[in-house]
Amino acid sequence: MRFRRIWSYEILEANKEGLIDFGENKAQELDSKFGQLGNKVTWHFIGHLQRNKVRFAVSSADYIHSVDSLMIAMEINNRAAKINKVQKILLQVKTTNEESKSGLTDESEIMDLAWYCKELKNVELKGFMTIGPATDDRDAIRRSFRYMSTLRDTLKEDGLYLKELSMGMTSDYDIAIEEGATLVRIGTAIFGERNYSNIMDEQ
């Protein structure tokens with residue numbers, strides 16, 4: 001997979017301007033940046049997470065936004081236990097029919113996994129994450145984000161309070177905020193459009 005690389009010096013420059021939280025969607029790239037910058041900033045892993053890459057995310061990320069299965073949650077818990085860490089996570093929920101997007105879809109499975117994660121010793125469940133539909137239909141985007149707020153409210157009524165809703169990117173963060181987002185992912189607005197003359201491959 002090919003993607004534009006945001007260099008560590010760009011993150012440092014943004015940090016000097018007051019930005020604290022930074023996201024990365026490749027586990028090994030996050031691990032590399034952490035090796036250079038350490039905990040000077042708060043690191044968020046926001047990409048699809050494969051089981052064999054969990055160790056990179058756990059060793060570097062303050063938050064992992066993209067937990068989409070029981071298997072990944074258990075692997076994170078096991079890896080975190082080995083380094084005496086309590087890993088903050090969010091469950092990724094798929095709110096569109098787009099095949100390119102990942103996440104949990106069955107509401108009962110989402111609820112069951114949320115309660116299961118609350119019992120893990122080396123995982124701290126903080127909330128939910130979703131990626132809105134790729135459309136200009138702002139009503140459809142709003143429905144996607146509102147569903148996330150509804151999920152959080154349902155769990156709260158059942159006695160499980162989750163603070164964070166990670167949703168909204170450069171094109172739709174305003175809707176996400178209106179629907180209760182606490183974390184928005186607006187890399188393009190900060191770092192600019194992707195420049196495919198400057199790309200790298202992840203093996």
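This is a predicted model: local features need pLDDT of at least 70, side-chain atom pairs count only at pLDDT 80 or more; totals for chains, interfaces and linings use all residues.
The crossing of α1 and α2 is right-handed.

Which residues make this contact? From α1 come Ser8, Ile11 and Leu12. They meet Lys33, Gln36 and Leu37 of α2. By class, three of the contact residues are nonpolar, two are polar and one is charged.

Two packed helices are described by the angle between their axes and the distance between the axes. The next pair can be read the same way.

Helix α4 covers residues 70-82. It packs against α5 at an angle of about 10 degrees, with the axes 11 Å apart. That angle makes α4 roughly parallel to α5, because angles under 35 degrees count as roughly parallel. On the α4 side, the contact is made by Leu70, Ala73 and Met74. On the α5 side, the partners are Leu113, Tyr116 and Cys117. This contact has six nonpolar residues, with no polar and no charged ones.

Helix α5 also meets α6. Here α5 spans residues 107-118 and α6 spans residues 138-157. Their axes come within 11 Å and cross at roughly 50 degrees. The two helices are therefore oblique to each other. α5 passes α6 in a right-handed crossing.

What does α5 bring to this contact? Glu107, Ile110, Met111, Ala114 and Trp115. From α6 come Tyr147, Leu151, Thr154 and Leu155. Sorted by class, the contact of α5 with α6 has seven nonpolar residues, one polar and one charged.

So much for the helices; now the space inside. How many cavities of 30 Å³ or more does the model hold? The count is one. The largest cavity has a volume of about 30 Å³. Its lining includes a run of residues, Gln92, Val93, Lys94, Thr95 and Thr96. Lys101 and Ser102 also line the cavity, as do Thr130 and Ile131. By class, the lining has two nonpolar, five polar and two charged residues. Val93 and Ile131 are in the nonpolar class. Lys94 and Lys101 are in the charged class.

Notes: Residues are numbered from 1 along each chain as its sequence is written. Side-chain values use heavy atoms; hydrogens and water are left out. On a 1 Å grid over the protein atoms alone, a cavity is a set of points where a 1.4 Å probe fits but cannot get out, and a pocket is an open set with protein on both sides within 12 Å along at least five of seven lines; lining residues have an atom within 4 Å of a point. Grid points are joined across faces, edges and corners, and a volume is the space filled by probe spheres set on the points. Axes are lines fitted to C-alpha atoms, for helices over the stretch in contact, and angles run from 0 to 180 degrees between N-to-C directions. Helices (H or I, at least four residues) and strands (E, at least two) are DSSP runs, numbered from the N terminus. Angles under 35 degrees count as roughly parallel, over 145 as roughly antiparallel, 65 to 115 as roughly perpendicular and the rest as oblique. A crossing is left-handed if the near helix is turned anticlockwise from the far one by less than a right angle, and right-handed if clockwise. Contact means heavy atoms within 4.5 Å.
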